[in-house]
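Here are my notes for a first look at this model. Please read them beside the sequence and the 3D view.

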Protein chains: 2
Amino acid sequence: MTEHELLSRLRALPLHRGARGLADDAAVVAGLVVTCDTLAEGVHFLPEDPAGDVAWKLVAVNLSDLAAKGARPEGVVLSYPLSGGAWDAAFLTGLGEVLDAHGCCLIGGDTVALPLGSPRVLTVTALGSDAAAPARSGAREGDALWVTGTIGDAGAGLAIARGVSGPADLLVRYRRPTPRLSEGRALGPVVRAMMDVSDGLLLDASRMAAASGLALAIDLAAVPLSPAYRAWGGDPLAAATAGDDYELLFALPDGVRPPVAATRIGAFVAGAGLNLHQGGAPVPLPERLGYLHART
Amino acid sequence: MTEHELLSRLRALPLHRGARGLADDAAVVAGLVVTCDTLAEGVHFLPEDPAGDVAWKLVAVNLSDLAAKGARPEGVVLSYPLSGGAWDAAFLTGLGEVLDAHGCCLIGGDTVALPLGSPRVLTVTALGSDAAAPARSGAREGDALWVTGTIGDAGAGLAIARGVSGPADLLVRYRRPTPRLSEGRALGPVVRAMMDVSDGLLLDASRMAAASGLALAIDLAAVPLSPAYRAWGGDPLAAATAGDDYELLFALPDGVRPPVAATRIGAFVAGAGLNLHQGGAPVPLPERLGYLHART
């Protein structure tokens, strides 16, 4: 069974009215935004990755989904595989750091002892409140596509984590992403559609377009790149397909300025699919728009 | 780091005001009851256990925690390790069955591809509403201890799953436990304390007494045993220490009758600890009051 088939089968089960057909990054239950992300050792992180960074990332990727719904974090529920060693202590330190950094807290969870030698599997369910909860499917023809922050830093950071030389600040962008919570809160009530960029700008943007029943034109020349990424030698196409950015991608009516710092990178048009250009000159689509699961 | 040390470290983190000090089976967030349980292959279930039964148990043990808070299930959030084979299809069938059986639904979740050969790790976070949400710590001196249903059937079922001969209905009690949702809803508003019996009647009852700052006297002769369990040759002490019952254990003021079928098995008294007797004659405490983690 593929993930696609699994999703089809899951969608045939009784779904909560707030489950959004399992097609969004989060559900809304009794006014709370609910999202869940699992990180597995050997898939989403490496055995040698610092445990504190794994804790940070586990919570941050969930808070990023809350940010994309414009929610305030209520707290996180943690399923944790106790290993009995120094990894646990370092994980807890990182967990405290990421909770403190985002004014978040622990709600509860479960602790399990996995069989000896099993890869760690860690799950967080995050709950958020006071959310405008925009879907990813609300973009309309003529809307502009915007993105917060800079794209590609985390992709460079992943390369650096794997041994390519590069500056520590790019590595930090990969290991300790910043969920855009305050930006999400400001954007939530005004955007037509919003999601976070986790699997690659082009891939996630094409998902927003597909969910909205539209085509999308993206100007590669407009994709915001950091000075550190440019100095490292990164190019816009690599940035737009790398993933792990955890920036916010959103649709606004043409002419409307967002209430937070952001860059306009494209426009929704009638049709289906993704068109790429660089300052007007067509650019062929890369074979891979981003990363699917089973990474690192 | 032991689980006890982990819990101490987790309690030192910022906790949600509804987290109940991580000392209850569930938290209460914005009026929703939140609980989380993980099942790991080789720990909580065997690789040869039917996938549909694993799905059933995964959801049922979470719904049992909602029952213990007197909550109505809103739905479940599932973290699922996709394996690509027949196991997935059988799991989904069982998932549909347990959701249908309890009027529950799917809220969302995450799917991961674990490294090849990894034991499956499955996590559910369940949300419930309209809960009286009694704690396990509310029993008072003189209160009576009650339990729903019969105890020990699942323990016999585990022995049968491991190859001991016995009837299928005991095996079903182990593999497909019934969360006592309607009983929990009726009991929630009237009990002083409530929890579910998951790790063993004596162990869970002693936890309720400790949380309430009291001692507890339990009459082994009163522990309700099913005809099937008696016919199989099970004894009361084995039943009271076996676990996996998923019955409701609750405290009521002396003289108050519960609104559901249940059996009075003991009384809370001043002091600390657990006293066991059989129709008045003292019974020495067994070495193990129930099962801790890492079972099967």
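1. A definition comes first. Two strands pair if DSSP finds at least two bridges between them. Helices (H or I, at least four residues) and strands (E, at least two) are DSSP runs, numbered from the N terminus. With that in hand, look at strand β8 (residues 215–219) of chain A and strand β11 (residues 273–278) of chain A: five bridges join them, and they run parallel. Within this pair, I218(A) stands opposite L276(A).

2. Some ground rules. The model is predicted: local features need pLDDT of at least 70, side-chain atom pairs count only at pLDDT 80 or more, and totals for chains, interfaces and linings use all residues. Residues are numbered from 1 along each chain as its sequence is written, while chains are lettered from A and ligands numbered from 1 in the order in which they are written.

3. Confidence. The average pLDDT of chain A is 95, and 98% of its residues score at least 70. pLDDT is the predictor's confidence in each residue, from 0 to 100. For the complex, the predictor gives an ipTM of 0.93 and a pTM of 0.94.

4. The hairpin. β11(A) and strand β12 (residues 281–283) of chain A pair in the antiparallel sense over three bridges. Q278(A) stands opposite A281(A). Two residues lie between the strands of this hairpin, and G279(A) in the turn has a positive phi of about 60°.

5. The nonpolar core. A nonpolar core is a set of buried Ala, Val, Leu, Ile, Met, Phe, Trp, Tyr and Cys residues joined through C-beta atoms within 7 Å. Buried means that 20 or more other C-beta atoms lie within 10 Å of a residue's own; exposed means 12 or fewer, and partly exposed lies in between, with C-beta atoms placed from the backbone. The largest core has 196 residues, and those with the most contacts inside it are V59(A), L145(A), V59(B) and L145(B). Beyond four places in sequence, L145(B) touches residues including L216(B), I218(B), I265(B) and F268(B). Contact means C-beta atoms, placed from the backbone, within 7 Å.

6. A covered helix. In helix α4 (residues 153–161) of chain B, eight of nine residues are buried. Among them are D153(B), L158(B) and I160(B). Their cover includes α5 (168–175), α8 (227–232) and α9 (236–240) of chain B. After α4(B) comes G163(B), with a positive phi near 120°.

7. How do the two copies relate? Chain B can be laid on chain A with an RMSD of 0.0 Å by a turn of 180° and a shift of 0.0 Å along the axis. The copies are thus related as by a two-fold rotation axis. Superposition is by least squares on the C-alpha atoms of residues with pLDDT of at least 70 in both. S118(B) comes closest to the axis among the residues of chain B, at 3.1 Å (C-alpha).

8. The contact. Chain B gives 57 residues and chain A 58 residues. On the chain B side, 34 are nonpolar, 16 polar and seven charged. Here Ala, Val, Leu, Ile, Met, Phe, Trp, Tyr, Cys and Pro count as nonpolar, Asp, Glu, Lys and Arg as charged, and the others, Gly among them, as polar.

Technical notes
Two residues are in contact if their C-beta atoms, placed from the backbone, lie within 7 Å.
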